[in-house]
Amino acid sequence: MTHPYGSWPSPLTAEAVVAGQRRLADVQLAAGQLWWTHADPSDGGRITLWRRPVDGADVGGTGAAVEVTPQHYVRTSVHEYGGGAWSVAVDDQGQAVVAWSSWPEHQVWVQVGDQEPRAITPDGASPYRYAGLRVCPDAGMVLAIREDHGDPDQEPVNCIVALAMHGSGEHAGTVLAEGADFYASAELAPGGRLAWIEWDHPAMPWDHTRLMTGTIDPAAAAPASEVQVLLDDPQTSVLHPLWLDDGDTLLVSHDRDGWWQLHTVEVATGQQRRVWDGPHDICAPMWTLAPPPYALDADAVVAAWFVDGRRQLGRVALDGSGVQPIGEPLADVEAIAAGPEGVAALVGHAGAPAEIVVLDPDTDPGWRPLVLASEDVPDPDWISVAESIWWEGDQGPVQGWWYPPTHPLIDGPEDELPPLIVKSHGGPTSMSRPVHSAATQYWTSRGYGVLDVNYGGSSGFGREYRQRLAGQWGLVDVADCIGGARALAQQGLVDPNRLVITGGSAGGFTTLAALTASEVFAAGVSLYGIGDLRALARDTHKFESRYLDGLVGRWPEDEAVYIERSPISHVDRLTSPMLLLQGTEDKVVPPSQAETIADAVRAKGLPVALIMYEGEGHGFRRAESVISQLQATESFCAQVLGFTPAENVAVLSIENL
């Protein structure tokens with residue numbers, strides 16, 4: 001059967017995209033249990049902490065699973081992106097001690113065994129936020145990165161604090177390290193030696209960080225002593241320290257040689273040894289304060305390294321003797337944890353929802369599932385599996401993920417090519433990964449092709465690839481997205497007259513910049529995108545307040561460059577319709593940016609629609625928002641590209657159409 005592209009009837013409705021799709025995250029092992037969080041869009045995107053026995057046949061997060069925080073939303077907004085909102089360890093009685101940050105109160109709670117949870121920090125009137133939590137039962141403390149928002153006229157102040165594990169909730173923590181602009185990854189070794197990462201403006205943690213150590217006395221409320229800098233290279237990002245068993249050696253990842261690879265560092269001498277020489281990034285940029293993305297297991301490090309954008313799970317021998325891959329490369333590996341219970345990992349697949357697995361060498365492919373993101377496994381005949389493609393860019397080869405239109409019962413007409421949706425990821429120092437996404441399948445099952453672009457500046461391909469965007473944001477990313485769309489059109493895979501570009505946050509900026517820089521795209525959809533770089537430099541939060549120094553130029557000295565790169569400065573060049581989607585509570589990209597762009601497009605007489613989602617922040621979490629966003633985008637594309645959706649989708653009101 002043939003049917004016009006974009007109008008294919010699909011069983012995957014917008015409601016089905018969010019139904020039962022839990023967002024799994026943050027895996028840990030303790031007290032014979034697997035611990036994790038998941039976000040449920042049907043519950044307003046609330047994040048809750050769960051646990052279940054590692055042993056047992058039950059799979060899927062039901063039955064054996066227990067919700068640990070039924071009364072709380074487990075989240076932190078340190079750096080606005082959060083991370084490390086909870087931690088668990090085992091005390092000398094064999095009991096699990098778990099700590100978490102509740103949102104929006106920003107209180108830290110502790111639960112020991114089956115006791116009732118207790119708040120160990122002040123209530124919601126406090127100006128403090130906590131993240132990067134590490135429970136240290138032997139020392140009677142919870143380590144945390146604290147962010148002080150007490151002075152609204154100054155940027156927040158960050159430091160490392162120790163919270164009394166059995167505290168009354170009246171004390172905001174003992175400061176262990178302060179003075180730097182940012183902190184991360186506080187790790188305590190037996191004997192009181194503390195390691196951490198710190199950095200200062202204008203560096204981002206993927207540009208330049210310092211590896212630090214000091215000594216603390218758990219019995220004394222005092223800062224760390226004997227503080228020393230172990231690694232400090234302006235061209236090196238050192239991340240995720242872990243203490244080896246002897247407490248005198250640290251395992252870290254740094255990219256001095258061009259790839260985030262594993263090294264050991266002797267604390268007494270600073271001597272380094274590279275654990276593996278593989279030309280692969282073994283971690284991603286540290287956008288959040290989550291635990292390390294690798295774990296120690298006997299004489300090896302269980303890690304996942306990037307291979308052509310995918311993740312290869314495996315063991316890296318600490319003695320430098322090599323690696324042992326586990327299974328085939330995966331679409332993604334988001335978290336790894338190890339303990340007496342074994343090794344667990346959160347893995348993403350190309351053709352099925354994510355799952356948390358425990359490694360098991362007696363099974364094929366080397367693990368068994370414990371928790372599924374969704375019990376609804378899609379029919380493989382409907383799945384468009386990502387294909388890695390490369391094309392030549394101005395600064396070298398560029399990678400992207402191509403999802404062809406896929407339908408088991410329908411083909412497009414022989415004389416017609418499918419429309420293409422080009423996706424530009426956020427960050428921009430982030431990356432697109434080939435994980436199964438119901439939102440992507442929403443489009444491919446309707447007869448759209450999708451190209452997810454890892455433009456120059458994306459991570460996962462080494463420091464050199466990542467630095468292509470240095471001073472070039474709004475140029476390299478735009479050229480690479482245009483190049484990918486043209487490459488597919490030249491191969492006869494998509495209709496060159498029906499190309500749509502979309503992206504969120506930084507990807508929204510690339511979308512807007514592409515629409516003002518060329519006439520390649522017939523339409524654009526920006527989700528909480530940046531239209532005025534000057535407004536972003538003035539109004540954004542502390543973590544990213546100097547990010548643009550490296551991407552655009554120093555602010556305000558290079559204001560002329562900011563003006564030239566801002567899409568709002570070139571609305572006169574626009575020729576394409578635009579849909580803008582924005583949360584009213586966005587603290588990263590203020591809503592005024594979307595309103596300003598919409599006003600400018602409206603004044604030019606071009607088709608435009610602006611939807612403001614009340615209560616949503618930087619990214620849409622609520623089921624109703626995600627559903628609305630998908631349906632609005634489908635109606636928008638159908639109207640501006642000239643076809644009728646197969647389903648009865650509410651017609652979006654578009655001005656000037």
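Author: Trp206 and Trp287 are both buried. The model is a predicted one. In it, these two tryptophans form an aromatic pair. Their ring centres lie 4.6 Å apart. Where do the two residues sit in the chain? Trp206 is in the loop between strand 14 (193-199) and strand 15 (210-215). Trp287 is in the loop between strand 20 (272-274) and strand 21 (295-297). The pair therefore ties together parts that are 81 residues apart in sequence.

A second pair joins Trp473 and Phe509. Here the centres are 4.2 Å apart. The planes stand at 50 degrees, so this pair is tilted. Trp473 lies in the loop between helix 3 (463-466) and helix 4 (476-490), while Phe509 belongs to helix 5. The parts tied together are 36 residues apart in sequence. Trp473 is buried, with a relative accessible area of 2%. Phe509 is buried too, at 0%.

How many aromatic pairs does the structure hold? The count is 21. Ring pairs also build a cluster. Its members are Tyr81, Phe182, Trp199, Trp206, Trp287, Phe543 and Tyr547.

The charged end of Arg75 sits over the ring of Trp103, 4.1 Å from its centre. Arg466 lies over the face of Trp260, and its distance from the ring centre is 4.0 Å.

Now the nonpolar cores. The largest has 99 residues. Which of them touch the most other members? They are Leu211, Leu420, Trp473, Phe521 and Leu548. Trp473 is thus both a ring partner of Phe509 and one of these core residues. Helix 4 gives this core its largest share, eight residues. Leaving out residues up to four places away in sequence, Leu211 touches Trp196, Ile197, Gln228, Val229, Leu230, Leu231, Val238, Pro241, Leu250, Val252 and Val265. Another core, of 36 residues, lies apart from the largest one. Among its members are Val18, Trp443, Tyr528 and Ile611.

Back to helix 5, where Phe509 lies. This helix covers residues 506-517 and also holds Thr516. Is Thr516 buried or exposed? Thr516 counts as buried, because its relative accessibility is 6%. Beyond four places in sequence, Thr516 touches Pro567, His570, Arg573 and Leu574.

Arg134 is a buried arginine, at 9% relative accessibility. Arg134 lies in strand 9, residues 128-136. Its side chain makes a polar contact with the side chain of Glu187, at 2.7 Å. A polar atom of the Arg134 side chain also lies 3.5 Å from the backbone oxygen of Gly132. Setting aside neighbours within four places, the contacts of Arg134 include Ser87, Met141, Val142, Leu143, Leu289 and Ala290.

Last, the cysteines. How many disulfides are there? The count is zero. Take Cys159: the closest cysteine sulfur is that of Cys136, 16 Å away, so the two are too far apart for a bond. Cys637 is in no disulfide either, and the nearest cysteine sulfur, in Cys481, is 16 Å from it. Cys159 is buried at 5% relative accessibility, and Cys637 is buried at 1%.

Key:
Residues are numbered from 1 along each chain as its sequence is written. This is a predicted model: local features need pLDDT of at least 70, side-chain atom pairs count only at pLDDT 80 or more; totals for chains, interfaces and linings use all residues. Side-chain values use heavy atoms; hydrogens and water are left out. Helices (H or I, at least four residues) and strands (E, at least two) are DSSP runs, numbered from the N terminus. Buried means under 20% relative accessible area, exposed over 50%, partly exposed in between (1.4 Å probe, protein chains only). Contact means heavy atoms within 4.5 Å. A disulfide is a pair of cysteine sulfur atoms within 2.5 Å. Rings of Phe, Tyr and Trp (its six-membered ring) pair if their centres lie within 6.5 Å; planes under 30 degrees apart count as stacked, over 60 as edge-to-face and the rest as tilted. A charge sits over a ring if NZ of Lys or CZ of Arg is within 6 Å of the ring centre and within 35 degrees of the ring normal. A nonpolar core is a set of buried Ala, Val, Leu, Ile, Met, Phe, Trp, Tyr and Cys residues joined through side-chain atoms within 4.5 Å. A polar contact is a pair of N or O atoms within 3.5 Å; within protein, one must be able to donate a hydrogen and the other to accept it, and residues adjacent in sequence count only if both atoms are side-chain atoms.
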